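Please consult the sequence and the structure shown here while reading.

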Amino acid sequence: MSKRKIRIAFVGTGSISGIYLENLTKVFKEVEIAGICDLIRERAERRSKEFGPFKIYNDMYEIFADPTVDVVLNITRPDEHYEVTKAALLAGKHVYSEKPLASTLERGRELVELALERGLYLGGAPDTFMGAAIQTARELIEEGAIGTLVGGCGHMKCRGHESWHRDPEFYYKRGGGPLLDMGPYYVTAFITLLGSVKSVQAVNRTTYPTRTITSEEKYGQIITVDVPTHVNALMEFENGAVAHLLTTFDTFSTDFCNRIEIYGSEGTMIVPDPNNFCDPVKISRGGGREPEIHPVRFGYDFDARALGLCDMCNAIRDGREARASYKMTYHALEVMMGIVRAGDERRVIEIESRHDNPPLMKKGLEDGILD
Ligand SMILES: NC(=O)c1ccc[n+]([C@@H]2O[C@H](COP(=O)([O-])OP(=O)(O)OC[C@H]3O[C@@H](n4cnc5c(N)ncnc54)[C@H](O)[C@@H]3O)[C@@H](O)[C@H]2O)c1
């Protein structure tokens with residue numbers, strides 16, 4: 001007997017909605033799009049023409065009132081996530097949210113408590129840790145390929161998003177900045193590869209108090225920067241490993257950028273860009289030898305955004321745990337907010353939450369089928 005398809009409705013059809021719609025209509029076969037909405041209706045209409053046609057809801061409340069919608073996909077801006085997710089949970093809908101879970105730790109905690117109270121699924125991005133590259137890295141580490149874990153290092157360096165994003169103000173407001181924007185990919189990858197974070201320290205700065213938009217629609221407009229934009233963190237993991245993380249909108253990128261290294265007693269693992277799903281994993285064992293190249297062993301070696309959402313839908317359907325669940329997004333949020341606080345207060349911040357890895361992704365299934 002074929003299983004029921006879980007139905008998803010979009011709140012927000014801005015920049016990132018394109019890849020979700022592309023993958024939900026062309027790759028993932030076990031879910032259905034119930035409809036979409038945006039405060040700016042033309043944006044939803046444009047997406048419906050590009051990828052649909054879809055039902056266009058007038059607003060999110062119309063989605064919440066539709067009994068045929070199972071899951072609300074919240075892809076609004078970071079500081080809007082809380083309001084939308086809370087309202088959806090209160091209306092009895094499961095929610096999958098873009099990162100971060102919320103723009104403050106208190107708000108994130110409230111959302112988790114609400115979901116648990118109501119018996120609803122709450123999950124969210126990033127889902128790149130479920131992609132071919134990081135799953136392969138995790139399996140290699142679990143097999144002992146680099147020995148006992150010592151630590152790691154990750155760098156995300158760029159000059160900000162105001163040169164390409166249509167509406168980039170949110171990147172410099174509460175819930176934004178390089179740590180809350182790009183950090184989720186790195187922190188989530190580190191948690192997947194090194195385990196739960198126990199404490200954090202940081203020294204942060206805001207180099208440029210304003211930013212000038214150079215993308216087309218708002219060219220020349222000035223943004224006041226409210227968040228740290230050069231964030232230097234140290235994370236201590238439960239297993240004793242220690243990792244550095246630099247996320248910055250204040251420097252140009254270099255050859256050592258957009259990747260993670262994991263250090264072990266038997267080798268150094270070079271993990272590809274944690275914002276992507278693909279590329280082989282390398283292990284360097286020193287002594288002048290060439291690094292070993294380990295081709296990916298799992299599916300989803302392309303931009304498979306919506307993977308975590310679809311896994312959560314199957315989890316709802318089959319009554320299992322979702323991989324990109326609130327357990328990961330809340331732990332990552334606590335780590336990131338801890339890093340901001342550690343920088344502000346110049347002290348070590350202990351992390352209270354923890355996260356155990358979900359099962360590795362299944363091998364050998366065709367793309368778009370997860371179970
Ligand atoms: N742009 C990217 O490359 C990218 C990549 C990965 C993740 N993300 C994440 O995706 C989220 C959205 O980013 P974006 O770049 O698409 O932003 P965006 O500003 O392009 O789009 C957000 C959209 O949400 C709509 N919206 C806000 N509140 C709403 C409401 N209550 N009801 C209906 N619509 C509402 C806005 O009108 C807007 O069109 C952010 O959390 C961001 O961190 C973005």
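## Contact between helix 4 and helix 5

In this predicted model, helix 4 contributes Tyr 82, Thr 85, Lys 86 and Leu 89 to a contact with helix 5. The residues they meet in helix 5 are Arg 107, Leu 111, Leu 114, Ala 115 and Arg 118. By class, the residues of this contact comprise five nonpolar, one polar and three charged.

Two packed helices are described by the angle between their axes and the distance between those axes. Helix 4 spans residues 81–90 and helix 5 spans residues 105–118; the angle between them is about 15°, and their axes are 10 Å apart. Helix 4 is therefore roughly parallel to helix 5, since angles under 35 degrees count as roughly parallel. The crossing of the two helices is left-handed.

## Surroundings of the ligand

Around the ligand there are 21 residues, of which Gly 12, Gly 14, Ser 15, Thr 76 and Glu 98 come nearest. The shell that these residues belong to is made up of nine nonpolar, four polar and eight charged residues.

## Division into domains

The chain is divided into two parts: domain 1 covers 6–127 + 304–323, and domain 2 covers 129–294. Between the C-alpha centres of domain 1 and domain 2 the distance is 25 Å.

The two domains touch through 15 residues of domain 1 and 15 residues of domain 2. On the side of domain 1 that touches domain 2, six residues are nonpolar, three are polar and six are charged.

## Backbone features in loops

Most residues other than glycine have a negative phi, and most peptide bonds are trans.

Pro 53 is found in the loop between helix 2 (41–51) and helix 3 (60–64). Pro 126 lies in the loop that runs between strand 5 (122–124) and helix 6 (132–142).

Conventions: Residues are numbered from 1 along each chain as its sequence is written. This is a predicted model: local features need pLDDT of at least 70, side-chain atom pairs count only at pLDDT 80 or more; totals for chains, interfaces and linings use all residues. A residue is near a molecule or strand if its C-beta atom, placed from the backbone, lies within 6 Å of it. Ala, Val, Leu, Ile, Met, Phe, Trp, Tyr, Cys and Pro count as nonpolar, Asp, Glu, Lys and Arg as charged, and the others, Gly among them, as polar. Axes are lines fitted to C-alpha atoms, for helices over the stretch in contact, and angles run from 0 to 180 degrees between N-to-C directions. Helices (H or I, at least four residues) and strands (E, at least two) are DSSP runs, numbered from the N terminus. Angles under 35 degrees count as roughly parallel, over 145 as roughly antiparallel, 65 to 115 as roughly perpendicular and the rest as oblique. A crossing is left-handed if the near helix is turned anticlockwise from the far one by less than a right angle, and right-handed if clockwise. Two residues are in contact if their C-beta atoms, placed from the backbone, lie within 7 Å. Domain bounds come from an automatic or database domain assignment.
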